[in-house]
Amino acid sequence: MTHAALSRLAGISVTALVLAAISAPAIAQSSTAQEKTFRAVAVKTPDGLTISAQVWGNLAGPEILFIHGFSQSHLSWIKQVTSDLAKDFHMVTYDLRGHGNSDKPFEPERHRDSKAWGDELQAVMDATGLKRPVLVGWSYGGRVMADYLKTHGTAKLAGLNYVDAGQKADPSFFGPNLKNLPLMASDDLATNIAATRAFLRDCFSKQPSQDEFEMMLSFNMMVPPKVRLGLSNRPLEVDELLKSLKLPVLVTHGSEDKNSNLIAAEYTAKMIPGAKLSVYQGIGHSPFFEDAPRFNAELAAFVRSAQKGN
């Protein structure tokens, strides 16, 4: 069996085990839980990487493409892709380069090239058959959305949902949790793990369960220190791009976010004509996980509205 085939098999097996571990309590408690199925897709990027992607839900439904954050994985979206959204929506997740089951190049330039990030996202769309999705970008995923907009424009998109994803590299927008980032790039394993644990805890106001936290810590630690370092300090100057957007835009943000201050979301919503701001009181950096029912309902309504507008 080839290395690529083994990697795909491993990806399927790992995701299946995680789905079982995370979803079992929810299945026991809900008679309406959807069958936890997905199709794994190996995506080739123009710069030669293999990206691990997953297709979920109703292939005939409106399209949603989820983009996870710094040091996370496609499993961050488990409360979306295994929810009732699967009845109605065609959903795609993927592991960013350097994350999860995707290739992990160590060269800094592989993580700092804006065009490469935009091309990677387009490659995922093409390989999974997405024609006009709504992009949902969490945290660093908002930077990837900016990369895509700069390199590919808006012609193949129905809408944008920025989820705790600041769009300006302004220190006043940054929360105290970002102090952990330099230590998360340490080659000293004990230092790295301690910083990653602290960072992950402060990504939530309403904390995940112990089982959920352990799973999240596991996939966070799959990201090598050199990748984390390569992701750091990328420029983000997209004011004019934001002002020019004519797509439907939803800006979602937790009021207690310790990574990205609420003023960052207010700024994004102010810069984009017609953007709607949804603030989650008492919620941290991860509203899609901390208050999944509200997030899923708002996302469903937004996607349906955006698709009708196109």
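Reader: Why is Pro 46 called exposed?

Author: Its relative accessible area is 64%, and exposed means over 50%, with buried under 20% and partly exposed in between (1.4 Å probe, protein chains only). Pro 46 is therefore exposed. This is a predicted model: local features need pLDDT of at least 70, side-chain atom pairs count only at pLDDT 80 or more, and totals for chains, interfaces and linings use all residues. Residues are numbered from 1 along each chain as its sequence is written, and side-chain values use heavy atoms, with hydrogens and water left out.

Reader: Where does Pro 46 lie, and which residues does Pro 46 touch?

Author: Pro 46 lies in the loop between strand E1 (38–44) and strand E2 (50–57); strands (E, at least two residues) and helices (H or I, at least four) are DSSP runs, numbered from the N terminus. Not counting residues up to four places away in sequence, Pro 46 touches Asp 119 and Ala 123, where a contact means heavy atoms within 4.5 Å.

Reader: What makes His 68 buried or exposed?

Author: His 68 has a relative accessible area of 0%, so this histidine is buried. The residue sits in the loop between E3 and helix H2 (78–81). Its contacts beyond four places in sequence include Trp 77, Tyr 94, His 99 and Trp 138.

Reader: How do you know that the side chain of His 68 makes a polar contact with Leu 96?

Author: A polar contact is a pair of N or O atoms within 3.5 Å; within protein, one must be able to donate a hydrogen and the other to accept it, and residues adjacent in sequence count only if both atoms are side-chain atoms. Here the backbone nitrogen of Leu 96 lies 3.0 Å from a polar atom of the His 68 side chain.

Reader: Which polar contacts does the side chain of Asn 259 make, and why is Asn 259 called buried?

Author: The side chain of Asn 259 reaches the side chain of Asn 177 at 2.7 Å and that of His 285 at 3.4 Å. Asn 259 has 5% relative accessibility, so the residue counts as buried. Its place is in the loop between E7 and H12.

Reader: What makes strand E5 largely enclosed?

Author: Five of the five residues of E5 (residues 134–138) are buried, so the rest of the structure largely encloses this strand. Val 134, Val 136 and Trp 138 point one way, while Leu 135 and Gly 137 point the other.

Reader: How do you know that E5 pairs with E3 and with E6?

Author: Two strands pair if DSSP finds at least two bridges between them. E3 (residues 63–67) and E5 have four bridges in the parallel sense, and Ile 64 is the bridge partner of Val 134. E5 and E6 have five, also parallel, with Val 136 opposite Asn 161 in E6.

Reader: What makes up the largest nonpolar core?

Author: A nonpolar core is a set of buried Ala, Val, Leu, Ile, Met, Phe, Trp, Tyr and Cys residues joined through side-chain atoms within 4.5 Å. The largest has 84 residues, and those touching the most other members are Leu 65, Met 91, Tyr 94, Val 136, Leu 160 and Tyr 162. Leu 160 is in contact with Val 134, Leu 149 and Phe 302, among others.
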